[in-house]
Amino acid sequence: MAAATAILMSVLVFLYDKTQSFGGPDYFENVVLLRHLKQLDAEWELDVMKSKVGINTHYDPLADSLIELNRLLEKLKADMGTQKHADAAALAEGHAALFRAIQEKSVLIEQFKSNNAVLRNSLAFLPTAATDVEQSVGQTSESAQSAARRALISVNKLLLASLLYSQSASDDKGSEIQAELSQLEAGLHVLPSDVRERLEIFGAHVRTILREQKVVNQLLGSITVVPTATRIDELNNTLSAEQQRATIQSGQYRGYLLIFSAVMVALLLYAAIRLVRSHAVINRVNEELQDANENLEQRVQELHQTQSELVATARQAGMAEMATNVLHNVGNILNSVNVSADLVGSTLRTSRTHGLTRAVQLMNEHAADLGDFLTRDDKGKMLPDYLSGIARALTQEQQDMLKELGHLTRSIDHIKDVVATQQSYAGVSSIIVPVQICDLVEDALRMNGGALARHQVTVVKEFAQVPVVRLDRARVLQILVNLISNAKNAMAGMTGGSHRITLRVDVAAGSSLRVSVRDEGEGIMEENLTRIFAHGFTTRKAGHGFGLHSCALAARQMGGALTALSDGPGKGATFTLVLPIDAVQAES
Ligand SMILES: Nc1ncnc2c1ncn2[C@@H]1O[C@H](COP(=O)(O)OP(=O)(O)OP(=O)(O)O)[C@@H](O)[C@H]1O
Ligand SMILES: [Mg+2]
C-alpha cells in the first residue's frame with residue numbers, strides 16, 4: 001500500500017515537473033537579448049555608413065557599438081550556460097558563429113576606419129588645394145598665363161569629378177579622372193615652379209581619393225555581407241524551435257497530468273467509499289468481538305472455577321489412590337500377619353503347659369512323701385520321664401513361637417515400609433538399602449505362605465547367583481508379594497493340573513536384574529496384556545485392579561519395568577520385573 005502510494009506520488013511529481021519545464025521566461029529573455037543584438041548590429045553598420053559619408057566626424061560610435069555587442073554576446077553565453085536547453089549544442093554552435101561574424105566585421109571596420117580617415121582627409125583638403133592652385137595661377141607671369149589657365153580648368157574639372165566620385169564611385173569615372181590627371185601632369189613642366197608644386201599637392205590628393213575610395217567601397221561591401229544578422233536570426237530560430245517543441249511537450253504532459261489527476265480522484269473517491277463501508281464493517285465486527293470477548297471472559301471465569309474444582313478433585317483422587325494402595329498392600333501383608341497370629345494362638349491353645357500343671361499338682365499332693373512317690377508309686381516313677389518330655393515339647397513350642405513372632409515382626413515392619421513407600425509417592429524420598437534379591441523373594445513367598453499352602457501351590461525356585469545390590473527394598477517386596485498373590489489367584493479356579501509357581505532370579509544382558517513369576521493358571525487374553533496394568537482393571541470378583549497398576553508404577557520409579565506374557569487363556573502367565581543394574585549400583 002505504502003509502495004503504491006509512493007509510486008503514484010512520484011508519477012504526479014514527475015508529470016508536474018514536466019509541465020513546468022518548458023522554460024518560457026528564459027526563452028523571452030534570450031529573444032529580447034537577440035533583438036537588442038540585432039538592433040546594435042544595424043546601428044553599427046549605420047554608423048559605418050555615416051562615417052563613410054562624413055556625417056560622423058569621429059569613430060567613437062563604432063567603438064562603443066563593438067564594446068556593447070561584445071558585452072551582450074558574453075551575457076547571452078553566460079545566460080544560456082545556466083539555463084536548461086534541449087538543443088544546448090546547437091545553441092553553443094550558433095553563438096560561436098555569431099561571435100566569429102562579429103569579430104570578422106570588427107576587423108573589417110577597423111580597416112575601414114583607417115582607409116576612410118585617409119580618404120576623408122584628402123576629400124577635406126582637395127578644395128583647399130584647388131584654391132591654392134587658383135591663387136598661384138593668379139600670380140603667374142603673362143607668358144605662363146595661358147598654360148596656367150588651362151591647368152586651372154583641368155583642376156576644377158578634377159575637383160568636381162573627384163567629389164562626385166566620392167559620392168558614387170565607378171570605374172568609368174575613375175578612368176576619366178585618371179586620364180585627366182595624367183594630362184594635367186604631362187603639362188606641368190611648362191608651368192612655374194610655384195604653380196607646379198601646388199598642382200602636385202592637388203594631384204596627390206586626387207590620387208589618394210581615387211585609391212582610397214575604391215578600397216573603402218570594397219570594405220563597405222565586405223562589411224555589409226558579414227552575416228551577423230543571419231547568425232542572430234539562426235540563433236533566434238533555434239531558440240524558437242526549441243521553445244515550440246518544449247511547449248508541445250509541456251502540452252502533452254499537461255494532458256497526461258489531467259488524465260492522471262482524474263484517475264487519482266476516481267481512485268480516491270473509490271477508496272473513500274471503501275473506507276466508509278469498511279468503517280461500518282469494522283464497527284460491526286468490533287461489536288461482535290466485544291460480545292465474544294465478554295463471553296470469553298465469562299467462560300474463562302467458569303474455567304477457573306472448574307479448574308479449582310478439578311484440582312481439588314484430583315487431589316482427593318490422588319489421595320484416594322494412595323489410600324487404596326496402602327490398604328491393598330497392607331491387606332496383603334495382613335494375611336501373613338493373620339497366619340502367624342493363628343499359628344501362635346493354636347500353639348498356645350494346644351500347649352503342653354497343661355501337662356506340666358497336672359505334674360506339678362501331683363507333686364504337690366505327694367509333697368510329704370515325694371521320695372517314696374517318685375521311687376515306689378507307678379505314676380510317680382513315670383513322672384521324671386513325663387516332665388523331661390514336657391520340657392522338650394515346651395522348648396520346641398517356644399522356638400516355634402519365637403520364629404512365628406519373628407515373622408510377625410517382619411510383616412509389621414513391612415507394613416511400616418508400605419506406609420513409608422506410599423508417603424514417598426507424595427514426595428518423601430525412598431529408602432535405598434543393600435539387598436540380596438533372593439532373600440526378598442523368600443520374604444514375599446513367606447508373606448503369601450498361608451494362602452499358597454491353602455491352595456496347595458508348589459513353589460519352584462530357580463535362583464542364579466546374583467550380587468547384593470542397593471534397592472528400594474519396600475517397593476520391590478511390594479511388587480513381588482503382588483505378583484505371587486496374583487499367580488495364586490490365577491490358579492485358584494483351575495481344577496486338575498498342577499498348581500505351580502516358578503520363581504526365577506538372574507542377571508539379564510549383564511546389566512539388568514531380572515525376577516520372573518510364572519504360573520500355570522488361567523492365562524491372559526492377548527488384548528488384555530496391556531489393559532491389566534490400568535488402574536481399576538480387574539476380572540476377579542473380589543479384585544480391585546490396583547495391584548498391577550501400583551507395581552508397574554513402582555518399577556518405573558526405580559528406573560525398571562514390569563511386563564506380562566501369556567500364550568492365552570488357560571496357558572498360564574509370566575510376569576517379569578527388570579531393574580537396570582546401573583540404576584541399582586552393585587555392592588559386591
Ligand atoms: N498371573 C495372572 N494370570 C492371569 N491373569 C492375571 C494374573 N495377574 C493379574 N491378572 C489379571 O490382571 C487383573 C488385574 O490384576 P491386579 O493385581 O491389578 O488386580 P486384581 O488382582 O484383580 O485385584 P487387586 O487389586 O486386589 O490385586 C486381574 O484381575 C487378572 O485379570
Ligand atoms: Mg492383584
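## Surface patch and ligand site

Tyr256, Ile259, Val263 and Leu267 form a nonpolar surface patch of about 390 Å². Patch members have over 30% relative accessible area and no salt bridge, with nonpolar side chains joined within 5 Å; a salt bridge is a side-chain nitrogen of Lys or Arg within 4 Å of a carboxyl oxygen of Asp or Glu. Areas are Shrake-Rupley values with a 1.4 Å probe.

This is a predicted model, where local features need pLDDT of at least 70 and side-chain atom pairs count only at pLDDT 80 or more. Residues are numbered from 1 along each chain as its sequence is written, ligands are numbered from 1 in the order in which they are written, and side-chain values use heavy atoms.

Ile259 sits in helix α8 (residues 228-349), helices being DSSP runs of H or I with at least four residues. Ile259 counts as exposed because its relative accessibility is 56%, the cut-off being over 50%.

Now to ligand 1. Of the 21 residues around it (a heavy atom within 4 Å), the nearest are Asn486, Asp519, Thr538, Thr539 and Phe546.

| Residue | Part | Distance |
|---|---|---|
| Thr539 | side chain | 2.3 Å |
| His544 | backbone | 3.0 Å |
| Phe546 | backbone | 2.8 Å |

On its own, ligand 1 has 590 Å² of accessible area, and the protein covers 95% of that.

Finally, Asp472 belongs to strand β3 (residues 469-472), a strand being an E run of at least two. Asp472 counts as buried because its relative accessibility is 4%, with buried meaning under 20%. The Asp472 side chain also makes a polar contact (N or O atoms within 3.5 Å) with the side chain of Arg475, at 2.7 Å.

Key:
Patch = residues over 30% accessible without salt bridge, like charges linked within 9 Å, V, L, I, M, F, W, Y side chains within 5 Å. Buried < 20%, exposed > 50% of the residue type's maximum accessible area, 1.4 Å probe, protein only. Polar contact = N/O pair within 3.5 Å; in protein donor to acceptor, adjacent residues only side chain to side chain.
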